[in-house]
Each structure stands twice: as structure tokens, then as C-alpha cells.
Amino acid sequence: MSGISLHNYRNYQEAQVDFHPFLNIITGRNAQGKTNILEAIFYTVTGKSHRTGFDTELIFWGEKFFRIILNGERFSGRVKIEISTRSDGKKILKVNGQPRKKLSDLIGIINAVLFSPEDMMLVKGGPSVRRRYLDIEISQVSSYYCHCLANYNRILLQRNSLLKAVREGKESDELLGVWDKQLAEYGVTIIRKREEVIKKLLPLAQKIHLNITEGNEELNLKYIPSINLDIETSKSSDEDNFLKRLKENRKVEILKGITVSGPHRDDIDIRIGNINVKAFGSQGQQRTGALSMKLSEIEFMKNETGEYPVLLLDDVMSELDTNRRKYLLKVVKGKVQTFVTTTGIKDVFDTVIENSRIFEAQSGIINIVQEG
Ligand SMILES: Nc1ncnc2c1ncn2[C@@H]1O[C@H](COP(=O)(O)OP(=O)(O)OP(=O)(O)O)[C@@H](O)[C@H]1O
Ligand SMILES: [Mg+2]
């Protein structure tokens, strides 16, 4: 990507940032707009903010719309993505000047891996953190997955409100059948895809983990579905299994008013050797596990799409020790365009940083302060 321009985005009324092809370091005190730049990049390539589901929060306070223009290069040529959002929620998207209707049209143009301090919770946190990790990653490489996930979530909400209505005697449970069928159909696709992706991520994450731990630790990842499917069998028999489980759960679900199994309840089991890292790992092991899982996304996306994603590291350098930091920079050097935010450059970069551009953000103004 060669640069981004922002108009009324967060605390930037007007900003133009020209990127370095490899390493961009955004420095500045707290609350000056460092993360906002990373968020704008992430938003433009995925159509979503990583911090809020409310796009209107992204508009500079008191203004009526924001606009972001991102200029990138792909093997296939230059690409210009323009997104603007109005305060009534209406969005306008253009790719290379051509209007596009759906945000999912952004899928596959440019991919991004975002790593923020919350991702340190990938191992330690609850299952939803790990599901989100998979969903964000897979959605970027598969518009079909994105479509299935959106449909699954919509049906899940509708089914849950029907379960509540049945509990209250307002509706008959016979109506559940229609939702069950659709839930099973999308649910099976999601579980199968997640299992497939975990299998692809495993060797990548394992290799990274071995490198960081100097050959000492073997990382293991396994997808744990709340409904067991047999990937070797046909999709329709998996759907039958899914439906069978819904039937078995029927009474409990009506009582609780929620759907108790399905991909929205699944998890990833993370082990070092045979030991569950979430329960028994040291803090350092949990961090290394999280780092390996995040970094494995880079090669995964390269394998899936043929191009490296951009890497957005928000405040994570200061969370890593010198060795892990060095490893990270070695992995991305010269091949992955990387963006790093930090409040104290001296704290995170021990030596002079070659081949990089350093910016400083201050109250919604961003300038280049050093070219390495
Ligand atoms: N819609 C908005 N309009 C104007 N300003 C906003 C808007 N949303 C957030 N801000 C401001 O943006 C600033 C936060 O920016 P950002 O999160 O990028 O900070 P940061 O430099 O990453 O700080 P830290 O080092 O604490 O992470 C805050 O001052 C916040 O008040
Ligand atoms: Mg920040």
C-alpha cells in the first residue's frame, strides 16, 4: 500500500499518510491518533472496524460523514479503495473508481492481520476470542464463509427469539423446524471450514512456535466443535447430525430460550506438548502461543491468496520481550508491509531501524519524523 488519506475520520479532519513499503512506525503520546490510523487501514480492507460495530462513531465529532481513500498495489496492479460513511449510516464504496454495492466486495483485494494487546488474550481468554480470531481470518479469504457466517448469525438470533416465544407459549415449537434446517446448513459449512483452516494453520504456527522457543516447545491446535461432525463423510450426513443434536437439545433450549450448541459455542484447544496452555501455561507461554497463532495468519493468507497481507501491530511491541520482538521483525522483514504503533520508540526498537519510516501523531496531525 502506498498511502491513505483521511477526511473527518476519528480525530483526523484531514490527513495524508504516505507509507513506507516495508516498515512504518507510528509514534506519539497516548490518545493522539496512532491506533486510529491502523483502524482506518483495517476498516478499508475489511469493511469493519476492529474497535466498534458502529460506523458512525468513526466520523469526526460534529461532522456528517467521513471518507477514506487507500492506495494499494497488488500483483494484479494498482488498486484504489474509497469508502465514505454518512451519519445516517449510509455507506459508499468504490474500488478503482467503480461503485460497489456490498462491503463483501472488499474481500480478497487487500488482506490485513491485526495484532493488538487484546490478542494476547487469544490463549488465555474465553472461547469467543478464539472464534473471532478464526472468523476474521477466514472471512478475509472466503466471501462464501463471510456470507454463511452472516446468515448463521441472523438465523441464530431469529431462532433464539422463537425459542423464547415458545417458552412463553406465544408460538408453537413446530415453527422451529424451518430455522433448524437453515441453521444446520450454514452451521455445518462454518464448522467444516474452521476445522480445515485450523489444520492449515497448525504446521505454520508450530514452526513459528518452535523457532521462538528455540526448538523447545511443540504447539498443538485443535478445533473443538460443540457438535461432532465427521469431515470424511458427506455434508448432508453432517447436517443430519446437527439436526439430531438440535432435536436432543429441544427441551433445554426452549427452557433457556437460547441455542446451546453450534459453531457459536465452539472453541480451539491450544496445547504445548500435551498440556493445555489456557489452564496450565505460564504467562510467557500463553503470549508466545498467541504470537505464533497470529503470525501463522501471515503465511496462511499468502498461501490462500498468493499475496502477503499487511501486518498491523497496535501497541504489541512493548508487550513482547527483546527476543520475541527481534523474531517478529525478522519474520516480516522485506516481505510483509508492517505498521507498528508505539508510545516510546526507544522502548521497542533497540537498534537503529533500517529501511523504515517513522511518523509522529499529535492531536490528529501526523508527520514523518525520520526516514531510515
Ligand atoms: N469520532 C471521533 N471524533 C474525534 N475524535 C475522536 C473520535 N473518536 C475518537 N477520537 C479521539 O481519538 C483519540 C484516540 O485516538 P487513538 O485511539 O488513535 O489514540 P492512540 O494514539 O492510539 O493512543 P494510545 O497510545 O493510548 O493507544 C482520542 O483522543 C479520542 O478522543
Ligand atoms: Mg492506541
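I began at one residue pair: Leu-6 stands opposite Ala-15 in strand 2. I kept in mind that this is a predicted model. I then stepped back to the two strands. Strand 1, residues 3-9, pairs with strand 2 in the antiparallel sense. I noted 6 bridges for this pairing.

**Entry: Ala-15**

I went back to Ala-15, in strand 2. Buried or exposed? Ala-15 counts as buried, at 9% relative accessibility. I set aside neighbours within four places in sequence and listed the contacts of Ala-15: Ile-4, Ser-5, Leu-6 and Ile-366. I followed the chain out to Asn-367. Ala-15 and Asn-367 are 352 residues apart in sequence. In space their C-alpha atoms are 9.3 Å apart.

**Entry: the hairpins**

I moved to strand 5 and strand 6. They pair in the antiparallel sense over 5 bridges. Within this pairing, Ile-83 stands opposite Leu-93 in strand 6. The two strands form a hairpin with 4 residues between them. In this hairpin I found Gly-89 with a positive phi near 95 degrees.

Strand 6 also pairs with strand 7, again in the antiparallel sense. I noted 3 bridges here. Val-95 has Gln-98 in strand 7 as its bridge partner. This hairpin has 2 residues between its strands. Asn-96 sits in the turn.

I checked two asparagines. Asn-96 has a positive phi near 50 degrees, in a residue other than glycine. Asn-96 lies in the loop between strand 6 and strand 7. I looked up its cover: at 44% relative accessibility, Asn-96 counts as partly exposed.

Asn-8 also takes a positive phi in a residue other than glycine, near 55 degrees. Its place is in strand 1. Asn-8 counts as buried, with 5% relative accessibility.

**Entry: helix 6**

I turned to helix 6, which spans residues 235-256. Where does helix 6 bend? The bend is at Arg-250, by about 60 degrees. I wrote down the buried residues of helix 6: Asp-238, Glu-239, Phe-242, Leu-246, Asn-249, Arg-250, Glu-253 and Ile-254. I thought of the helical repeat here. An α-helix has 3.6 residues a turn, so residues three or four places apart point the same way. I then asked what covers these buried residues of helix 6. The cover includes helix 4 (143-167) and helix 5 (176-212).

I picked out Glu-253, found in helix 6. Glu-253 is buried, with a relative accessible area of 0%. I left aside neighbours within four places in sequence and read off its contacts. Glu-253 touches Arg-159, Leu-163, Leu-246, Ile-258, Thr-259, Val-260 and Ser-261. At the end of the helix I looked at Gly-257, which follows helix 6. The phi of Gly-257 is positive, near 75 degrees.

**Entry: the chain as a whole**

How many helices and strands has the protein chain? I noted 10 helices and 15 strands. The radius of gyration is 22 Å, close to the 21 Å that the globule rule gives for 372 residues, so the chain is as compact as a globular protein of that length. Its C-alpha atoms fill a box of roughly 65 × 55 × 40 Å along the principal axes.

Buried residues make up 52% of the 372 residues. I looked up contacts with a separation of 6 or more: residues 24 or more positions apart account for 69% of them. The protein chain exposes about 17,700 Å². Carbon and sulfur atoms supply 50% of that area.

Notes: Residues are numbered from 1 along each chain as its sequence is written. Chains are lettered from A and ligands numbered from 1 in the order in which they are written. This is a predicted model: local features need pLDDT of at least 70, side-chain atom pairs count only at pLDDT 80 or more; totals for chains, interfaces and linings use all residues. Side-chain values use heavy atoms; hydrogens and water are left out. Two strands pair if DSSP finds at least two bridges between them. Buried means under 20% relative accessible area, exposed over 50%, partly exposed in between (1.4 Å probe, protein chains only). Contact means heavy atoms within 4.5 Å. The radius of gyration is taken over C-alpha atoms; the globule rule is 2.2 Å times the number of residues to the power 0.38. Accessible areas come from the Shrake-Rupley method with a 1.4 Å probe; for residues, only the protein chains shown count as cover. The bend at a residue is the angle between axes fitted to the seven residues ending there and the seven starting there.
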